[in-house]
Amino acid sequence: MTNDRKMKSIFERYLTIWVILCIIGGIVLGKIMPELAQKLDSMSIFVNDAPVVSIPIAICLFLMMYPIMVKIDFGSVIKAGKSGKPVFLTLFVNWCIKPFTMYAIAFLFLGILFRGFIGADATDIVKMPFGLNLTVGATHGAGTVIMHEGVKMLQIPLWRSYLAGCILLGIAPCTAMVLVWGFLARGNDGLTLVMVAINSLTMLVLYGVLGGFLLGIGRLPVPWQALLLSIGIYVALPLTAGYISRKWIIAIKGETWFKETFLHVLTPITITALLATLVLLFSFKGETILDNPLTIIWIAIPLFIQTVLIFWLGYGLAKLLKLKYEDAAPAALIGASNHFEVAIATSVMLFGLSSGAALATVVGVLIEVPLMLMLVKICLKTRGWFDHPVK
């Protein structure tokens with residue numbers, strides 16, 4: 001265990017505290033400078049007069065993702081066949097089960113059980129999907145086109161906006177923090193990196209497909225090109241940059257310098273960029289939270305249930321497949337955790353910085369760290385369930 005990894009795990013162990021401080025800071029900033037978030041949100045790339053890509057969020061997300069992607073040795077992916085069972089398990093859970101259980105659980109709680117608490121008639125104003133040129137008063141899915149501050153927007157039920165955020169979390173398996181969770185659980189670090197690489201590549205294909213399908217079922221149709229653009233900007237770009245720069249740096253400076261110097265410099269960048277994004281989000285959503293502070297609880301409950309369910313499903317299947325503990329733990333943890341960085345950025349791009357969907361993805365960040373630390377402890381306490389527990 002290197003000192004860098006010790007420091008990193010300690011820093012990220014207290015991520016929940018930093019998240020809470022950013023929430024408070026964002027709300028205070030929104031009160032003091034309410035025009036700041038709107039101005040930042042207006043700094044976008046426009047397509048057909050519609051804000052498609054938020055430039056500040058895109059920059060923040062690249063800084064979140066690049067340090068993770070540059071660590072991946074894609075040569076290991078080719079050798080993944082030697083670890084076929086855990087790789088198959090994580091792909092099966094992440095892409096064949098998790099998106100659909102997330103939709104079902106979120107719909108049950110937000111659309112039925114908690115709908116009255118959220119507000120049966122409460123609405124949210126979100127971005128009009130780019131590529132559409134509907135007239136004011138026209139319907140699109142569950143929404144109605146309205147004119148808001150001189151811009152055509154879509155007015156949708158608030159609970160459906162929260163549902164959209166949950167969907168975007170459910171279709172984004174973790175490819176960042178899971179490296180920390182697997183390390184803390186004494187899992188197979190090499191295998192974890194292989195699964196991260198494979199899930200990153202899989203996201204390039206399936207994120208847009210599943211996202212478009214499930215959002216459409218939820219009557220929140222989003223053009224396919226929007227989701228494809230999202231995954232291109234928020235996953236493919238840092239993935240490509242990481243791959244190219246890794247080869248270039250190692251070729252010039254050597255692998256030792258790359259691992260011991262370059263990666264050490266990058267260590268705090270991911271979390272810093274994430275926290276900056278959260279300040280932006282809460283500077284815009286603070287008023288909603290203050291008006292209805294229980295909102296976070298209504299969103300957190302289905303996310304909590306989903307995370308625990310997927311963990312036990314993955315962990316149980318790992319036991320049935322007779323995996324070693326050091327392979328079973330990261331395989332279960334990667335399914336349970338979410339790629340909240342991509343979910344946040346996608347929700348902001350598709351629905352807007354002030355949307356309920358963006359808020360739901362932020363709640364995912366808020367509960368992820370303490371919840372995943374709890375699951376790590378469960379893994380460590382149940383090592384004896386497997387034939388080859390870590391000593």
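1. With which residue does Lys324 form a salt bridge, and how far apart are the closest N and O atoms? In this predicted model, the partner of Lys324 is Glu326, and the closest N and O atoms of the pair are 4.0 Å apart. Because a salt bridge is counted within 4 Å, the value for Lys324 and Glu326, given as 4.0 Å, deserves a careful reading. Lys324 itself is partly exposed, its relative accessible area being 36%.

2. A search of the whole structure finds two salt bridges, and one of them joins Glu255 to Lys259, with the closest N and O atoms 3.0 Å apart. These two residues lie four places apart in helix α12, which spans residues 255-266, so that about one helical turn separates Glu255 from Lys259. Glu255 is partly exposed at a relative accessible area of 41%, and Lys259 is likewise partly exposed, at 45%.

3. For Tyr207, when neighbours within four places in sequence are left aside, the residues in contact include Trp95, Leu168, Ile171, Ala172 and Thr202. The contacts of Tyr207 also take in Leu227 and Ile231, together with Val342, Ala343 and Thr346.

Technical notes. Residues numbered from 1 in each chain as written. Predicted model: local features only at pLDDT ≥ 70, side-chain atom pairs only at ≥ 80, totals over all residues. Heavy atoms only, no water. Contact = heavy atoms within 4.5 Å. Salt bridge = Lys/Arg side-chain N within 4 Å of Asp/Glu carboxyl O. Buried < 20%, exposed > 50% of the residue type's maximum accessible area, 1.4 Å probe, protein only.
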